[in-house]
Amino acid sequence: MIAVELIGIQVDPISGAAAVVLREHDAPNRLLPIMVGQADASSIAIAASGTHLPRLMTHDLMASVVDALDGHLDSVEVTELHEGAFLANLTLSGPAGQRRIDTRPSDAIALAVRLQAPLFVSEAVLDEAGALPIEDAAADQFALEAAIDADVDQFRAFLAELEPDDFIDTTATDTTATDTTATDPDDDTPTPFA
């Protein structure tokens, strides 16, 4: 298992979908986004910010139960990725010994943040779903802006070479021919369609 840390929650402004982002402690510092529901994202964000609500949330209750039973959350492990879904385990110890409990990563992370438990991800999961961070965001931004400026300059050069005649459609045919046959408005004879 590889030690990771929670570095934030990303929310898509259009769809509202949320992802918890974990980062590998050691190089190469791969990032692992895990999609979570809105309620779980809120619960994790509230605990990570140190905010205490007047009424306990479900994950607060879970943490209270662990404490009340003289338990300790030893670790949270994201163990595998199965058909697009991440699987996780809680490792708890207490008077009855150590137990491993299967859980959703979102619940495990929400509990780990409240009980200051370490987070781990299997190497296989990081190999399959982890992503390397962008090393130098400023350099990448500069390269992107330079590429945009080059495209704009190229387009301006193209526009500078255009002549007004380039905008005249020479392939169009004259469709304004007029019908020279006269019709009598009092004639009730039906006219055949062309």
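**Questions about the fold**

User: What percentage of the 194 residues in the chain is buried?

Analyst: First, this is a predicted model, where local features need pLDDT of at least 70, side-chain atom pairs count only at pLDDT 80 or more, and totals for chains, interfaces and linings use all residues. Residues are numbered from 1 along each chain as its sequence is written, and side-chain values use heavy atoms, leaving out hydrogens and water. Buried means under 20% relative accessible area, exposed over 50% and partly exposed in between, using a 1.4 Å probe and protein chains only. Of the 194 residues in the chain, the buried ones make up 26%.

User: Which element of the chain has the lowest mean pLDDT?

Analyst: pLDDT is the predictor's confidence in each residue, on a scale from 0 to 100; the chain averages 82, and 78% of the residues score at least 70. Where pLDDT is low, the predicted coordinates should not be read in detail. Strand 7 (residues 119-121) has the highest mean, 97, while the lowest, 68, belongs to helix 5 (residues 137-160).

User: In what order do the elements of the chain run from the N terminus on?

Analyst: Helices (H or I, at least four residues) and strands (E, at least two) are DSSP runs, numbered from the N terminus. There are five helices and seven strands in the chain. Read from the N terminus, the order is β-β-β-α-α-β-β-β-α-β-α-α.

User: Of the contacts between residues at least 6 apart in sequence, what share joins residues at least 24 apart?

Analyst: A contact here means heavy atoms within 4.5 Å. Counting pairs at least 6 apart in sequence, the share that joins residues at least 24 apart is 48%.

User: How many bridges pair strand 4 (residues 72-82) with strand 5 (residues 85-94)?

Analyst: Two strands pair if DSSP finds at least two bridges between them. Going by residues, Ser-75 has Thr-91 of strand 5 as its bridge partner, and Glu-77 sits opposite Asn-89. Strand 4 and strand 5 run in the antiparallel sense, and their bridges number nine.

User: Which residue takes a positive phi near 50° in the hairpin of strand 4 and strand 5?

Analyst: This hairpin has two residues between the strands. The name is Glu-83.

User: Which residue of strand 6 stands opposite Ala-88?

Analyst: Strand 5 and strand 6 (residues 97-103) pair in the antiparallel sense, over seven bridges. A hairpin of two residues joins them. Opposite Ala-88 you'll find Thr-103.

User: In which sense do strand 4 and strand 7 run, parallel or antiparallel?

Analyst: Val-78 stands opposite Val-121 of strand 7. Three bridges join strand 4 to strand 7, and the sense is parallel.

User: Why is helix 3 (residues 105-115) described as largely enclosed by the rest of the structure?

Analyst: The residues in helix 3 include Pro-105, Asp-107 and Arg-114, each of them buried, along with others such as Ile-109 and Leu-111. Just after the helix, Gln-116 takes a positive phi of about 50°. Helix 3 counts as largely enclosed because its buried residues number eleven of the eleven.

User: About how much accessible area does the nonpolar patch of Leu-56, Leu-61, Val-65 and Leu-69 have together?

Analyst: Patches take residues with over 30% relative accessible area and no salt bridge, joining like charges within 9 Å and nonpolar side chains (Val, Leu, Ile, Met, Phe, Trp, Tyr) within 5 Å; a salt bridge puts a side-chain nitrogen of Lys or Arg within 4 Å of a carboxyl oxygen of Asp or Glu. Areas come from the Shrake-Rupley method with a 1.4 Å probe, and for residues only the protein chains shown count as cover. Leu-69, in the loop between helix 2 (58-68) and strand 4, is exposed at 60% relative accessibility. For the four residues together, the patch has about 400 Å².

User: Which peptide bond is cis, with omega near 15°?

Analyst: Look in the loop between strand 2 (18-24) and strand 3 (31-36), where Pro-28 lies. That loop also holds Asn-29, which has a positive phi of about 60° although it isn't a glycine. The cis bond runs from Ala-27 to Pro-28.
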